[in-house]
Amino acid sequence: MHDQTDRFDVVVIGAGLAGTSLAGCLARDGRRVALIDTHATHPRDFRAEKYGSAQMALFERLGFGAAARACTTMTEEVRVVRFGRLAQWERSTEYGAGYPDLINALRAALPAGLLTVGRVADLDLGPDTQAVTLSDGRRFEGRLTVLATGLGDILRRRAGVSRQVLGQQHSLAIGFDMAAPRAAFPFPALTYFSERFGGQDAYVTLFPLGDTMRANLFCYRQPNEPWTRAFRADPEAALRALMPGLARHCPTLAIAGPVEVRPIDLARARGHVRDGLVLVGDAFQTACPVPGTGIGKVLNDVERLAGVHLPGWLATPGMGADKIARYYADPVKRACDAASLRASLYARALATQAGLPWAARRARNRAARHAIRYAADAARGATRAAAALAALLAV
Ligand SMILES: Cc1cc2nc3c(=O)[nH]c(=O)nc-3n(C[C@H](O)[C@H](O)[C@H](O)COP(=O)(O)OP(=O)(O)OC[C@H]3O[C@@H](n4cnc5c(N)ncnc54)[C@H](O)[C@@H]3O)c2cc1C
């Protein structure tokens with residue numbers, strides 16, 4: 001356990017995805033790091049539950065590949081259904097894990113004793129030394145404080161950082177378990193897009209978490225509107241009404257629950273260039289789950305801060321706002337954050353806009369998908385033909 005006599009290079013507040021992976025990287029680099037979170041074990045919470053190969057590659061690069069792999073259920077094919085009828089098998093590797101299971105697995109990979117359990121109540125920031133005070137009076141000092149507190153607002157405001165809302169209740173994420181076990185479904189994973197455009201719905205995705213078939217439904221509705229209340233009351237009936245063609249692809253639609261509903265705001269920090277303080281992950285900018293850019297964005301923050309900026313900052317005296325500003329101006333970080341925001345806004349418009357320009361974009365995307373599939377099929381055919389020719393020549 002740490003006490004006030006300890007002096008750290010970095011004090012990280014919040015041990016979710018951003019804080020845990022950052023603290024792990026810094027500890028591996030030999031930095032003196034404190035990680036503080038209110039919970040010893042991450043509690044049940046509905047957050048990101050699925051990610052792809054690009055995000056797994058980031059986990060690997062940050063040294064958490066084995067921990068992430070051990071708690072995930074991998075699938076290599078997903079059945080994609082568009083317009084209720086167009087179906088295709090897409091070869092893509094996906095990893096499913098309950099968010100608390102993922103975070104607890106990452107925390108278990110940290111050096112023993114790194115995590116301190118407590119609620120941070122106050123910050124005292126300056127150009128050289130930072131002090132972090134817990135609600136029980138414990139105090140931590142460090143050269144840099146990192147705020148990785150996710151959606152929590154209190155500490156950010158205490159640090160004088162405000163929040164610019166870019167999309168109030170931008171989308172709604174609904175998570176639930178299917179009643180039938182994974183083995184009852186005729187696909188490893190399914191993504192079923194809304195049958196009509198110009199409405200309020202994006203897609204439902206079914207994927208395995210161990211032996212359970214999990215579902216995430218993403219839409220652009222409000223948490224308290226009658227539709228959402230009806231979904232909570234009878235999710236199977238609401239799902240059948242929303243996507244009448246789903247039953248043709250998914251033989252069993254009974255839902256075990258519980259139904260977890262989370263409204264998603266798109267927001268970004270404002271006034272964040274401060275002496276001695278860096279914001280990472282959702283504390284800096286949130287992501288909409290529809291395009292699935294949240295995990296990649298969080299891990300990109302960690303990779304840029306730990307790998308590119310912090311080594312230089314710690315090698316020279318002071319931790320003033322001029323140093324901190326370089327992290328927020330990092331072109332790789334800026335591009336990643338901008339791409340996440342753009343994808344969130346584009347996905348919403350593509351699903352909900354009924355006008356001609358958006359219909360044209362949907363038609364263009366559909367044609368591009370067909371072209372890519374056709375090229376991939378042709379390439380596979382050419383490979384098979386070349387292999388047959390080689391076999392003939394070898395005789
Ligand atoms: C419903 C939902 C579904 C999502 N689905 C996807 C998806 O499919 N794909 C995707 O890529 N992204 C998805 N996301 C986004 C992704 O989950 C987040 O971007 C990511 O979890 C943010 O991680 P973080 O570490 O920044 O925050 P968090 O994981 O929220 O961590 C914050 C931590 O700070 C701690 N904390 C807060 N205040 C204090 C304090 N005062 N003292 C000490 N500790 C404190 C908390 O206990 C918590 O552990 C989804 C998000 C939501 C809400």
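Trainee: Which residues of helix α4 are buried?
Mentor: In α4, residues 99-108, they are Leu102, Ile103, Ala105, Leu106 and Arg107. Buried means 20 or more other C-beta atoms within 10 Å of the residue's own, with C-beta atoms placed from the backbone; 12 or fewer is exposed, and in between is partly exposed. Helices are DSSP runs of H or I, at least four residues, and strands are runs of E, at least two, numbered from the N terminus.

Trainee: Before we go on, what am I looking at?
Mentor: This is a predicted model: local features need pLDDT of at least 70, side-chain atom pairs count only at pLDDT 80 or more, and totals for chains, interfaces and linings use all residues. Residues are numbered from 1 along each chain as its sequence is written.

Trainee: OK. What covers the buried residues of α4?
Mentor: The cover includes α1 (17-28), α3 (65-70) and β6 (115-117).

Trainee: How do the axes of α1 and α4 cross?
Mentor: At roughly 15°, and they come within 10 Å. Axes are lines fitted to C-alpha atoms, for helices over the stretch in contact, and angles run from 0 to 180 degrees between N-to-C directions. α1 and α4 are therefore roughly parallel to each other, a term for angles under 35 degrees.

Trainee: Which residues meet there?
Mentor: Leu17, Thr20, Ser21 and Gly24 in α1 meet Ile103, Leu106 and Arg107 in α4. Contact means C-beta atoms, placed from the backbone, within 7 Å.

Trainee: Switching topic. At what angle do α2 and α9 pack?
Mentor: About 25°, with the axes of α2 (residues 53-61) and α9 10 Å apart. So α2 and α9 are roughly parallel to each other.

Trainee: And which residues of α2 and α9 meet?
Mentor: From α2, Ala54, Gln55, Leu58, Phe59 and Arg61. From α9, Ile295, Gly296, Leu299 and Glu303.

Trainee: Now the ligand. Which residues come nearest?
Mentor: Gly14, Gly16, Gly150, Gly281 and Gly294, of the 38 residues around the ligand.

Trainee: Last one, the whole protein. How many helices and strands?
Mentor: 12 helices and 15 strands. Buried residues make up 40% of the 395 residues.

How values were computed
Contact = placed C-beta atoms within 7 Å. Near = placed C-beta within 6 Å. Parallel < 35°, antiparallel > 145°, perpendicular 65-115°, else oblique.
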